[in-house]
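Biologist: I would like to learn how to read a model of this kind with care, feature by feature. Could you take me through one?

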Amino acid sequence: MKLYNLLTALIIVLAYTSCDSDDQSETEAVGTLQLKFDHFVGTQKMELSEPGSIEFQYETADGEAFNISKFGYYVSEIILEGPTGEYYEDEQLVSALEVKGFYHVLQDEPSSRFITLSDVPAGRYNRVTFKIGVSESAVQEGAAGGVLDPAEGAWFWNWNAGYIGFAIEGTAQNSGQELVEGDGWTIPEKSFALHIGGWKDIEVAEGENQKFVNNVKTIALQFDSDLRVESALDPNVHIVVDLLKMLDGANINFANSYSIHAPKAGQPLAEVLPEVFIVDHTHQ
Amino acid sequence: MNAMHATRLPIWWVCCLLLLMVACEEADEEAKSNNYKFVKPRHFPAPTYNFDKNPITKEGFELGKKLFFDPLLSKDNSVSCNSCHIQSTAFADAQQHPLSIGVDNRVGLRNAPPLTNLAFMPEFFWDGGVTHLDFVPINAIESPFEMDEKLASVVEKLNANDEYRQLFQMAFSVDEITSPLMLKALSQFMLLMVSANTPYDDYILGDVEALSKEEVEGLSLFRQKCGDCHSGELFTDFTYRNNGLNTDFKDQGRALITESENDVGKFRVPGLRNIARTAPYMHNAMFTSLEQVLDHYDNSIQHSPTLDPTLEKGISLTENEKSKIITFLNTLTDHDFRSDRRFMNQQ
């Protein structure tokens with residue numbers, strides 16, 4: 001009799017727990033939210049030129065004519081926030097087999113300019129923050145796959161191991177670059193390559209100069225209106241990246257700044273990154 | 001007849017025998033798998049490598065070893081990791097290669113350091129530009145002075161090789177080979193290169209007989225004269241210093257990484273385990289013997305703005321003291337490590 005009672009109790013408990021978990025999954029409604037990145041140079045849509053081309057579509061505020069042959073950046077650590085405490089953090093995973101939460105946005109890969117966040121808890125959102133670049137926590141995970149695999153096109157510095165967070169390459173009328181021909185590669189005359197990297201965030205010791213530069217920057221953007229996330233909706237945020245703001249903001253003069261391949265030289269460009277990304281509009 | 005005989009054995013006896021056999025087999029298995037287990041010597045600091053992210057397995061280690069010895073990693077299939085990192089010299093370069101020799105006999109810029117106790121290192125290379133062991137081999141593979149190959153080409157060559165595909169499948173359960181898995185396998189191989197079995201270690205761990213009187217005197221002198229920089233059980237404080245080798249720095253050393261003029265001409269304080277076997281010495285291989293090294297500290301320090309303050313006046317050493325220090329340094333040679341069969345290229 002005792003055993004029978006015990007079994008009955010067990011069955012009731014089991015049934016109850018399974019019902020409970022069913023209920024939970026129903027209340028946790030989720031939806032998607034898409035970030036769309038569009039690249040501009042001032043008022044013109046960015047178009048890529050062949051490397052070394054001397055046709056210049058664009059001009060800086062100082063009147064320096066240039067074109068772009070390569071453009072892109074890493075987006076990571078995306079967070080959405082809402083006016084009444086809604087919060088979503090895009091999952092970050094760095095391993096050899098799988099990488100999640102890191103996006104390599106490239107001008108010449110249109111699909112990379114759309115980042116779809118899924119399983120966002122239903123609610124209202126009015127703010128997105130993300131990082132441009134790959135920060136220490138990810139670098140220190142060691143060799144990684146996916147968009148962080150250097151053999152698959154990841155932008156990586158071997159000698160000062162870490163990722164290039166933002167890169168611009170092209171040709172400029174005033175560039176001081178001379179033609180360099182190597183074994184199977186060339187650097188065209190008047191070309192430029194501005195690579196922004198550097199992730200070491202080490203506090204300055206007393207009596208010492210700042211040695212390392214952390215060029216991984218956080219971008220925080222407010223939406224023009226609240227966005228509702230629900231399973232039946234398809235909201236998106238249209239973010240405009242204006243390269244001219246970067247070049248003008250950092251007062252780039254191609255005669256001198258045509259080859260940036262180390263953290264310190266990239267710092268002035270990284271400092272203006274927060275002004276380069278703006279929310280153009282949102283779609284509900 | 002035999003079967004008949006067996007039936008006469010008491011059942012408990014057979015059981016005991018079976019149990020014993022199983023136990024023995026388990027012990028054997030355990031001993032075998034222990035060869036691939038990372039064991040921190042008890043007097044060593046905590047490892048810096050995160051083993052949770054790359055647990056060492058027999059398959060991963062053996063794959064890493066095969067890669068380490070395979071010239072497929074280089075552009076023209078002529079140079080392997082082993083070309084500049086040889087077990088008999090604690091995985092430093094051969095003495096006749098003061099600077100590393102790459103494809104087409106290209107001469108490198110620095111002396112290839114030994115590959116021991118890498119699991120405990122916070123940074124790698126003479127300038128500390130790499131902060132994770134996984135990323136170390138990329139530099140050797142892609143350097144035009146070393147293997148001059150692209151990481152993507154190595155991955156392509158590996159994927160075209162059925163044996164490698166099978167070995168990666170066994171080690172990581174994947175059908176496709178990728179660069180991070182290749183680097184993780186190489187790390188597994190290098191992480192087990194722990195050198196901690198020397199007369200010095202026996203002495204430190206309590207065997208007072210392990211060192212001779214002269215060696216103990218050498219140890220004491222070493223601590224007094226060299227121990228500020230070559231501190232701890234790895235004999236380095238992991239700092240970067242200008243030790244007065246020259247006044248004109250074609251190789252800027254640490255300043256390449258920090259971009260600070262205060263670091264021009266500074267290089268990593270190297271660990272000294274197996275030091276008697278890793279000649280020539282210094283990043284530029286300018287000394288061929290330990291005698292020359294100690295003579296340098298005694299009377300040849302070159303002054304420049306970034307010279308280490310502790311070396312302003314050099315380190316004054318008598319000939320007798322030098323001799324005793326060298327006697328002590330010889331006790332840091334780990335013969336078991338140099339002949340450990342796990343690291344040998346045997347099939």
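The dialogue below goes from the chains to single residues.

Modeller: Please keep in mind throughout that this is a predicted model.

Biologist: Let us begin with the overall make-up; how many helices and strands are there in chain A, and how many in chain B?

Modeller: Chain A holds five helices and 19 strands, whereas chain B holds 13 helices and two strands.

Biologist: What share of each chain is buried, in chain A and in chain B?

Modeller: Of the 284 residues in chain A, 47% are buried, and of the 347 residues in chain B, 51% are buried. As for the surface, chain A has an accessible area of about 14100 Å², with 50% of it belonging to carbon and sulfur atoms, while chain B has about 16700 Å², with 54% belonging to carbon and sulfur atoms.

Biologist: And which share of the contacts joins residues at least 24 apart in the sequence of chain B?

Modeller: Counting contacts between residues at least 6 apart in sequence, the share in chain B is 68%; in chain A, residues 24 or more positions apart account for 74% of the contacts with a separation of 6 or more.

Biologist: How should I describe two helices that pack against each other?

Modeller: Two packed helices are described by the angle between their axes and by the distance between those axes. In chain B, helix α3 (residues 58–68) and helix α6 (residues 162–172) have axes that come within 8 Å and cross at roughly 150 degrees. The crossing of α3(B) and α6(B) is left-handed.

Biologist: Which residues of α3(B) and α6(B) meet there?

Modeller: From α3(B) the residues are B:E59, B:G60, B:L63, B:K66 and B:L67, and they meet B:E163, B:Y164, B:L167, B:F168, B:M170, B:A171 and B:F172 of α6(B). Sorted by class, this contact of α3(B) with α6(B) has eight nonpolar residues, one polar residue and three charged residues.

Biologist: Turning to cysteines, how many disulfides does the structure hold over all chains?

Modeller: There are zero disulfides over all chains, and the reasoning rests on a cut-off, because a disulfide requires a pair of cysteine sulfur atoms within 2.5 Å. For B:C84, the closest cysteine sulfur is that of B:C81, and a separation of 9.1 Å is too far for a bond. For B:C226, the closest cysteine sulfur belongs to B:C229, at 8.8 Å, which is again too far for a bond.

Biologist: Are B:C84 and B:C226 buried or exposed?

Modeller: B:C84 counts as buried at 10% relative accessibility, and B:C226 likewise counts as buried, at 13%.

Biologist: What should I look for in the backbone, beginning with the peptide bond from B:A279 to B:P280?

Modeller: One looks at omega for the peptide bond and at phi for the residue. The bond from B:A279 to B:P280 is cis, with omega near -5 degrees, and B:P280 lies in the loop between β2 (267–268) and α11 (290–299) of chain B. Turning to phi, A:E77 has a positive value of about 50 degrees although A:E77 is not a glycine; this residue is placed in strand β4 (residues 65–81) of chain A and is partly exposed, with a relative accessible area of 23%. B:A90, also a residue other than glycine, has a positive phi near 55 degrees. B:A90 sits in the loop between α3 and α4 of chain B and counts as buried, at 0% relative accessibility.

Biologist: Finally, how do I follow one residue through its surroundings, and which residues does A:I78 touch?

Modeller: One takes its place in the chain, its burial and its partners together. A:I78 is found in strand β4 of chain A and is buried, with a relative accessible area of 0%. Leaving out residues up to four places away in sequence, A:I78 touches A:L35, A:Y88, A:E89, A:D90, A:Q92, A:Y103, A:I115, A:L117, A:V128, A:T129 and A:F130. A:I78 and A:T218 are 140 residues apart in sequence and 9.7 Å apart in space, C-alpha to C-alpha.

Biologist: Where does B:D104 lie, and is B:D104 buried or exposed?

Modeller: B:D104 lies in the loop between α3 and α4 (136–142) of chain B, and B:D104 is exposed, with a relative accessible area of 56%. From C-alpha to C-alpha, B:D104 and B:S78 are 8.5 Å apart in space, and they are 26 residues apart in sequence.

Key:
Residues are numbered from 1 along each chain as its sequence is written. Chains are lettered from A and ligands numbered from 1 in the order in which they are written. This is a predicted model: local features need pLDDT of at least 70, side-chain atom pairs count only at pLDDT 80 or more; totals for chains, interfaces and linings use all residues. Side-chain values use heavy atoms; hydrogens and water are left out. Buried means under 20% relative accessible area, exposed over 50%, partly exposed in between (1.4 Å probe, protein chains only). Axes are lines fitted to C-alpha atoms, for helices over the stretch in contact, and angles run from 0 to 180 degrees between N-to-C directions. Helices (H or I, at least four residues) and strands (E, at least two) are DSSP runs, numbered from the N terminus. A crossing is left-handed if the near helix is turned anticlockwise from the far one by less than a right angle, and right-handed if clockwise. Contact means heavy atoms within 4.5 Å. Ala, Val, Leu, Ile, Met, Phe, Trp, Tyr, Cys and Pro count as nonpolar, Asp, Glu, Lys and Arg as charged, and the others, Gly among them, as polar. Accessible areas come from the Shrake-Rupley method with a 1.4 Å probe; for residues, only the protein chains shown count as cover.
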